[in-house]
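Dear colleague,

I am handing over the structure that we talked about, and below it you will find my notes on what was found. Please read them alongside the coordinates.

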Amino acid sequence: MACSTRIIAVWIFLLQGLITGYPRKRSSESEDIRNCTITPPHLPPTVINTSERLSALRLHMQSHNFSAYIIPATDSHMSEYIGERDKRLSWMTGFTGSSGTGVVTLQKAALFTDSRYWIQAERQMDCNWELQKSIWINSIGQWILQEISAGERIGLDPFLFSIQNWESYNQVLEGSDIILVPLEDNLVDQAWGAQRPPPPTNTIYQLNDNFVGSSWQEKISVIRTQMENHGRKPTAVLLSGLEETAWLFNLRGDDIPYTPVFYAYTLLTKTDISLFVNQSRLSKEASQSLVSQCPGPLCVQVEDYDQASASLRKYAQQDGVRIWIGTEYTTLGLYREIPLEKVLVEEYSPVMITKAVKNAKEQEMLRAAHVRDAIAVIRYLVWLEKNVPTGSVNEISGARYVDQLRSEEANCKGPSFETISATGLNAALAHYSPSNATARNLTVNEMYLLDSGGQYLDGTTDITRTVHWGEPTDFQKEAYTRVLMGVIDLSRLVFPSRTSGRFVEALARRALWEAGLNYGHGTGHGIGNFLSVHEWPVGFQANNVPLGKGMFTSIEPGYYQDGEFGIRLEDIAVVVEAKTKYQMSEEPYLTFEVVSLVPYDRNLIDVNLLSSEQIKYINRYYESIREHIGRELQRRKLDEEYLWLEQNTEPLSHTNLLTTSLSTLAVGTLTSTLLPRV
């Protein structure tokens, strides 16, 4: 009997681990990542062989007497998402993450990236590359100091370096006698050769008046007024960010995947407007609009894209000029064309600041886009509930189907980024995207994370929901609920006007911190009107501008259990005036109004963890969903989706736990029956 008792006790102990599911230590060995410590090394099928590419690059380095070469993951406009021909770091390393820096010496190669991409890098890089788990320039510089001797030269492309990064590298290497050498001929491009994708040739088109908040002429006048009112009286504004020029002229293109922009620069003076772009790509309507008020101060002179540097240099040589730039998007290559005494440096250009605050029409358009987007996401969630139990859905087919549903919505031009469709352990990678080599089937036994968005002519969307169709573990429910608490606490915050997002960001993490949990990515970002899904300078980081009325931001805390599951909840919210009991200052206090309208997963919410105020918030949010989305579902006669919505927006209360509590009591009774009394 004693032996039998021990067996039963062990069985119950193992069963309890399966039921509660609290974190377990993951095995250090995994077949889906590389292992360079064995001979021969283990390389998963997702790895790219980079030996020939590195050899070609090193030959070019030697021809310029370079001991190292730095490869950023950006383009000449400091874009977050880049076109295929600008994916130099990806081509060199095999790593496809959106953030990272490569450094190649004559003997070694290293990739520096942040925690979001460590596992992805181990899946994609061969053993020619070592992974350095940091993105900070100080860490990159320290590595260079260990590998490069005094007096040696490091090459870089000045049109891929921001002004701040250039200064940071110089500061780290100061006193080492190591020389940073800007070279406009990009050595990766030379190694890439004829295989490098060609420049885009697609049409640049003008937005219909129905989809713009102001005419481009009105926008020009606003920026010129800001120039006139500035204390240092700039005579020109240089626009390097692709979103800046697209927004200013109400033009769009398809040069960057998922972002409707085109390669261009703008130099705006008090009397002239120069647009540097491939003129042959402009649609007839766009060309006519730009010259409709010629001659005059609202006449746009279209010049060749490649002439931007030369034209800037020529203008900067004139007497009495001062050029206003935003350092976030201006490269070292352009900055060097302007004498120091003739440059006005600020972190963001006036266009970036103005664009961040949506006017009434732009707000209305973004709200409308989010209603249609919610319809698509809800249709997808209903479809998943029916099809996941059959085993017929995997991460790729799911991503394709939600993209298809969005494409059926009015004004949709495609996804706003590559859909993150991740189940189980893949969801532990915060920015995972499925591939044929990594895609897993969705099952009722695992959590599923969907982070997706759409590009609509009237607005850009981005929403994340995490769901579980079976029996989540206690730990999964707790982690999910604490993430949800972070969403609620930040969304319902009331704060003074011009509060910096970094001062309130901790509210999204507080519930996780209280349990010793956290996440390694930012809490939010701005979003555009048919522009970038990550629109600066709005958000909750140190280099974001203070929050103001009319700004849109995401709110997206998460939690990621390595090798097991990932949770993220993301809503888009607009900053609005708060209704406060008192108004003691001239400027009203502000709060957030969520415009994403998709319910959270009731199956994953532990209501016991929620306060009464948090429950009230969810119920008010659900009332809004019923009002806006329920009405639209009924209008479209989407009866199945309407029934799903009604069920999933039922009010929450602490009494909802009755069924759960009874189930827990039953398990406890079973345990006491199986285990003998002492």
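**Annotated domains and what the model shows**

UniProt, in an unreviewed entry, places the feature "domain: Creatinase N-terminal" at residues 53–181; UniProt positions are given in the numbering used here, feature names are shortened, and annotations may be inferred rather than shown by experiment. This is a predicted model, in which local features need pLDDT of at least 70 and side-chain atom pairs count only at pLDDT 80 or more, while totals for chains, interfaces and linings use all residues. Residues are numbered from 1 along each chain as its sequence is written, and side-chain values use heavy atoms, with hydrogens and water left out.

The span 53–181 is 36% helix and 19% strand, and its end C-alpha atoms lie 22 Å apart; helices (H or I, at least four residues) and strands (E, at least two) are DSSP runs, numbered from the N terminus. A further feature in the UniProt record, "domain: Peptidase M24" (unreviewed entry), is placed at residues 365–576, where the chain is 29% helix and 24% strand and the end C-alpha atoms are 16 Å apart.

An open sheet is formed by 6 strands in the order β12-β11-β10-β8-β13-β14, with mixed pairing, where two strands pair if DSSP finds at least two bridges between them. Its edge strands, each pairing on one side only, are β12 (300–303) and β14 (343–346). On average, neighbouring strands of this sheet are turned by 20° against each other, direction ignored; axes are lines fitted to C-alpha atoms, for helices over the stretch in contact, and angles run from 0 to 180 degrees between N-to-C directions.

Strand β8 (residues 236–239) pairs with strand β13 (residues 323–326) in the parallel sense over 2 bridges, and Ile 323 is the bridge partner of Ala 236 in β13. On its other pairing, β13 joins β14 in the parallel sense over 4 bridges, with Glu 346 of β14 as the bridge partner of Gly 326. From β13, Ile 323 and Ile 325 point one way and Trp 324 and Gly 326 the other way, and all are buried (under 20% relative accessible area, with exposed over 50% and partly exposed in between, for a 1.4 Å probe and protein chains only).

Helix α9 (residues 242–249) lies across β8, β10, β11 and β12, running at about 60° to β10. The helices α8 and α9 pack at an angle of about 120°, with their axes 7 Å apart. That makes α8 oblique to α9, since angles under 35 degrees count as roughly parallel, over 145 as roughly antiparallel, 65 to 115 as roughly perpendicular and the rest as oblique. The contact (heavy atoms within 4.5 Å) is made by Trp 216, Lys 219, Ile 220 and Ile 223 of α8 and Trp 247, Leu 248 and Phe 249 of α9.

**The nonpolar cores**

The largest nonpolar core has 86 residues, and those with the most contacts inside it are Leu 384, Leu 490, Phe 592, Tyr 600 and Ile 629; such a core is a set of buried Ala, Val, Leu, Ile, Met, Phe, Trp, Tyr and Cys residues joined through side-chain atoms within 4.5 Å. Helix α14 (residues 360–387) gives the most to this core, with 11 residues. A second, separate core of 31 residues includes Val 261, Ala 264, Val 277 and Leu 344. Not counting residues up to four places away in sequence, Leu 384 touches Pro 389, Val 393, Leu 442, Tyr 448 and Trp 469.

**Around α14 and α19**

The axes of α14 and helix α19 (residues 639–648) come within 10 Å and cross at roughly 90°, which makes α14 roughly perpendicular to α19. Residues in this contact include Ile 378, Leu 381 and Val 382 of α14 and Trp 644 and Leu 645 of α19. Arg 636 is found in the loop between α18 (612–635) and α19, and Arg 636 is partly exposed, with a relative accessible area of 27%. Not counting residues up to four places away in sequence, Arg 636 touches Arg 372, Ile 375 and Glu 409.

With best regards
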